[in-house]
Amino acid sequence: MSRGGCSSVRAAVRQWRVLAGKGFVQNLQYSASHIVNTIASVVFGLIYICLWRAVTPESGFGVYSSYLIVQYICVNQTTAWFTQFGMKIRHRIAQSVRTGRIAVELARPVDFFCYRMAFEYGAQVYSFVFRGLPVGVGLSFFAPLHLPASAMTWLGALASLAIGAYIGIALGYLVGISSFWTNEIRTLSWVLFSLAMFLGGLSMPLEVLPRPLELLAKASPFAHMSYYPARIYLELSEPGPILAAGLAWAAILTVAARHITSRARRRLEVQGG
Amino acid sequence: MRVRVRERRATSPSAGVGASETTAPVLTRLGRAARVYWILASASLRGKMQYRLDFLGSTLIQTIMGADTILFIGAVLWRFGPVMGWSITDIAMLYAVSRMGMGIYMLFCNELDRFEIYMVNGDFDTLLIRPWPTLFTLLARGVGIDRLAFLAQGMAVAALAGPRLAATGAIRGWDIVWLLAAVAWSALLYFAVGLATAAVGFWIVRIEELQVFTMNAPSTATAYPLDIYPSWLRRVFVTLLPLGLGSYVPLRFILDKGGTALDLLWPALACPAAVWAALGLWKTGEAHYASTGT
């Protein structure tokens, strides 16, 4: 790579790091309300733990023992704060379009997609550290959390989570950017949330679904937000193929998001001021 | 700048009602209130119905896509069979009652659900200068017609589960009346909890996260039979966060899953008490309201 190429990559990485840092720091001011939400999340986790304890046969089902299913729920309730919960990218973009601030944001000498993605990624890292991990600690009082011994498992799970968070934010970005065409994104947000919950396997292993739906869910990007990271963490799946599929989805969503962003730029209609 | 508003009642038009009005028949005053409510609510409806196709489309999509909870329950029970003696149709009816109660609450108390905006933006000030109680004006100004999906989901699931339960003899005769009463109790309990949560906003301003704890978590929890939870958590969902009292407790008896006939009586006693306590908290909070300014 040429020296110019290297320096532009370094600048892009630095830009990403700075924006992500801003997203992280911005959330620190809401720590009190986040504590309340964390307690609620522990209750949610407890609800699903109790439900699974009640329904799972003693022999388990498939590769899942009763113990593993509870672990699956605990891991997902913890990591969902990185890959799904607390994301505001949709509303941030829609709000910018509604108020007309979007014109200023698009005029900045920063790529709009990178700007939004990096900022949200930082916010989600905050969310994971200060909201997700406390939920995991809270749930461990009811079901002691499994900690893998292998460093490779940790690395694989973290990489899968990082990709899952990127996919989740990119999907949110696509819903947010739709506000260039329609001011109301609540319905689309709802659709995205429901799909992520149901096809992502947040509250149940996807093997519970009827076979055709299971295959569809496993092939969808949503599975990378909950199901696959949990499977890797619980040492039920090899990380290699999952990470490759996750990266492919991340690339597809990036291309789609950038393409739609360039079309959105052309039809920008500022309403506020 | 935060400006404390304590003397509202002394200066507001409602405080100036004369002796003749205070002695006016209750029915007349109720009639006036109903007329004002209708005027305000229909204005809100007209505003929301400007884009009818968008409204119909979004309601339909929300009804279908928002059914993820019942789909989840369906998938689990399809795989594993009944939970603690509750079959899929039993749980569907429990879900339907709880969802319809929530739907009624969302329809008539939508503004309570988004009360944080009033606190953060200082919009509550505008309610204080109206000649009606603030809660009345608040509820009337935003009928949640755009959140009809909750009620539609509950009714759809009840329409599916009801005939099956009737065919197996699980519900018969007067049970339908008790089921309708359970929907009403659920709606009242949602109102009580929603009102109390909103009232806390007078002190802490931001309540969105608190709503997740007091409304969303119990709402999800009570979609399942409370028998699956440890006893301490079960007690929480029928006392501190009592949404289970309106749906689970009466349905346990109606569907013959245990309990006694008193289970039909408890909600009738507890709901008015919960609403009364929530109204008390609202009034106390209102007296402590400090505007964020507009």
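Here are some questions and answers about a predicted model, taken one at a time.

Me: Happy to start with confidence: which element of chain A has the lowest mean pLDDT, and which the highest?
Reply: Chain A as a whole has a mean pLDDT of 88, and 93% of its residues reach 70 or more. Among its elements, the lowest mean, 75, belongs to helix H1 (residues 3-27) of chain A. The highest, 97, belongs to H10(A).

Me: Thanks! How many Å does helix H11 of chain A reach from its first C-alpha to its last?
Reply: Helix H11 of chain A covers residues 239-266, which is 28 residues. At 1.5 Å a residue, 40 Å is expected. The span in the model is close to that, at 41 Å.

Me: Which helices do the buried residues of H11(A) pack against?
Reply: The buried residues in H11(A) are A:Pro239, A:Ile242, A:Gly246, A:Trp249, A:Ala250 and A:Ala257. Their packing partners are in chain A: helix H6 (112-140), helix H7 (151-177) and helix H10 (227-233).

Me: Let's turn to H4(A) and H7(A): are they roughly parallel or roughly antiparallel to each other?
Reply: The axes of helix H4 (residues 89-99) of chain A and H7(A) come within 7 Å and cross at roughly 25°. On the H4(A) side the contact is made by A:Ile89, A:Arg90, A:Arg92, A:Ile93 and A:Ala94, and on the H7(A) side by A:Ile169, A:Gly172, A:Tyr173, A:Val175, A:Gly176 and A:Ile177. H4(A) passes H7(A) in a right-handed crossing. Angles under 35 degrees count as roughly parallel, so H4(A) and H7(A) are roughly parallel.

Me: And over in chain B, are H12(B) and H13(B) roughly parallel or roughly antiparallel?
Reply: Helix H12 (residues 175-204) of chain B and helix H13 (residues 208-221) of chain B pack at about 160°, with their axes 10 Å apart. The contact is made by B:Val193, B:Gly194, B:Thr197 and B:Val200 of H12(B), together with B:Leu210, B:Gln211, B:Thr214 and B:Met215 of H13(B). Angles over 145 degrees count as roughly antiparallel, so this pair is roughly antiparallel.

Me: What is the handedness of the crossing where H12(B) passes H13(B)?
Reply: The axes of H12(B) and H13(B) are 10 Å apart. The crossing of H12(B) past H13(B) is right-handed.

Notes. Residues numbered from 1 in each chain as written. Chains lettered and ligands numbered in written order. Predicted model: local features only at pLDDT ≥ 70, side-chain atom pairs only at ≥ 80, totals over all residues. Helix = DSSP H or I, 4+ residues; strand = E, 2+ residues; numbered from the N terminus. Expected span 1.5 Å × (residues − 1). Buried ≥ 20, exposed ≤ 12 C-beta atoms within 10 Å, placed from the backbone. Contact = placed C-beta atoms within 7 Å. pLDDT = per-residue confidence, 0-100. Axes fitted to C-alpha atoms, helices over the stretch in contact; angles between N-to-C directions. Parallel < 35°, antiparallel > 145°, perpendicular 65-115°, else oblique. Left-handed = near helix turned anticlockwise from the far one by under 90°.
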